[in-house]
Amino acid sequence: MTEVHRLSRQEARRIAVRAQLLTRERPRDVVETVRRLTVVQIEPTAPIAPSADLVLWSRIGSRYRVEDFQAARDDLSLIEVQGLLRSADYLALLRDEMAHWPGRGELKDWQHDLRDWVEANGACRLDLLDRLRMDGPLPTSALPDSCEVPWRSTGWSNNKNVGRLLEFMVQRGEVALAGREGGERLWDLAERVYPDETVVPAEEADQRINELRLTSLGIARAKVALAPGEPHQVGPVGEPAVVEGVKGEWRVDPAQLDQPFEGRAALLSPFDRLVADRKRLTEIFEYDYLLEMYKPAAKRQWGYYALPILFEDRLVGKLDATADRKEGVLLVDAVHQDVPFTKKMTAAIDAEIDDLARWLDVEVLRAG
């Protein structure tokens, strides 16, 4: 019978921080960093910098170059799928799932609805594939809308027929995002974008995905409620663990147990994988955080795009800052302290703010 590891909250936090490459030993290579993290979310909102760049800078530091990131995307070492960036070799683990879209076994009503809508617009789907085969990669605006049944939604996607159809064709493994041009996405046939690798069978792929996910998270629940984006659950992989003061069982990466820990300060994107699982954030890190850019200004507590502040194994505050490239400044409106900062914490966090400004090639300007 497998031993159940008994961890303190501090041990659990250190496992999570180390797994996310946020210790003193920094990675250097962009592709290897994304491969280890398994996924980096693409998010266009950029009061300081695009989220993917912030995620990579927070690991690599001011050595990180956006040009290296773009080169990896251009040569398809990194590939974006449904708003999530992955290393190219990961795609083989997704292809079987794509082939069985919209799902295996008995489908739910919403899955039937999606399948029926795509089938009803089969002629448009074939038109898109033909056009991309002849002239791809192409932006959405260059692709014909011959849909017979419009896409109905109460949100922004209402009647955005080609855009929605392309997204489902990505999920089906037929088309892929081949890059961006002037902020607009470029589409091409998946066979010209994805690496020509053997498709990993579903059961083996699920096992490997869970293993990679646990390696990147360090500690996670076997099963959690599904939410948009990359799942936080890892299934039965790893070994069982309980965390002092937290209900329920966890799965822990045994390779992360009993390892030395050298922490540092880090400023994190609001979309960083360390803070993405809000339930784990509360249970293990005891950290209160909400991205407030969707709130009215008067109701914000920490700022429009406040960056979580990590110090060693604790999340200790939020940085409210904005980069103004034209003025050449990183305007720091506030450094919110969830706990009183010691002199050591203040010095390390200030140094990280200075490093962020150095990477952005601006000067720090503190409000007031």
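A nonpolar core is a set of buried Ala, Val, Leu, Ile, Met, Phe, Trp, Tyr and Cys residues joined through side-chain atoms within 4.5 Å. In this predicted model, the largest such core comprises 69 residues. Leu54, Ile219, Phe285, Leu330, Leu356 and Leu360 have the most contacts inside it. Helix H12, spanning residues 343-360, supplies the largest share of this core, with seven residues. Another core, of 39 residues, lies apart from it and includes Leu94, Leu114, Leu143 and Val193.

Beyond residues up to four places away in sequence, Ile219 touches Leu7, Ala12, Ile15, Ala16, Leu214, Val243, Trp250, Arg251, Val252, Arg280 and Ile284.

Val243, one of these partners, belongs to strand S9, residues 239-243. Val243 counts as buried because its relative accessibility is 3%, and buried means under 20%. With neighbours within four places in sequence left aside, Val243 is in contact with Leu7, Ser8, Arg9, Ala12, Ile219 and Trp250. Leu7 and Val243 are 236 residues apart along the chain, yet their C-alpha atoms are separated by 4.8 Å.

The next topic is a pair of helices. Two packed helices are described by the angle between their axes and the distance between the axes. For H7 (residues 122-135) and H8 (residues 161-171), the angle is about 75 degrees and the axes are 11 Å apart. H7 is therefore roughly perpendicular to H8, a description that covers angles of 65 to 115 degrees. On the H7 side, Cys124, Arg125, Leu128 and Leu129 meet Val162, Leu165, Leu166 and Met169 of H8. By class, this contact has seven nonpolar residues, one charged residue and no polar residues.

Conventions:
Residues are numbered from 1 along each chain as its sequence is written. This is a predicted model: local features need pLDDT of at least 70, side-chain atom pairs count only at pLDDT 80 or more; totals for chains, interfaces and linings use all residues. Side-chain values use heavy atoms; hydrogens and water are left out. Axes are lines fitted to C-alpha atoms, for helices over the stretch in contact, and angles run from 0 to 180 degrees between N-to-C directions. Helices (H or I, at least four residues) and strands (E, at least two) are DSSP runs, numbered from the N terminus. Angles under 35 degrees count as roughly parallel, over 145 as roughly antiparallel, 65 to 115 as roughly perpendicular and the rest as oblique. Contact means heavy atoms within 4.5 Å. Ala, Val, Leu, Ile, Met, Phe, Trp, Tyr, Cys and Pro count as nonpolar, Asp, Glu, Lys and Arg as charged, and the others, Gly among them, as polar. Buried means under 20% relative accessible area, exposed over 50%, partly exposed in between (1.4 Å probe, protein chains only).
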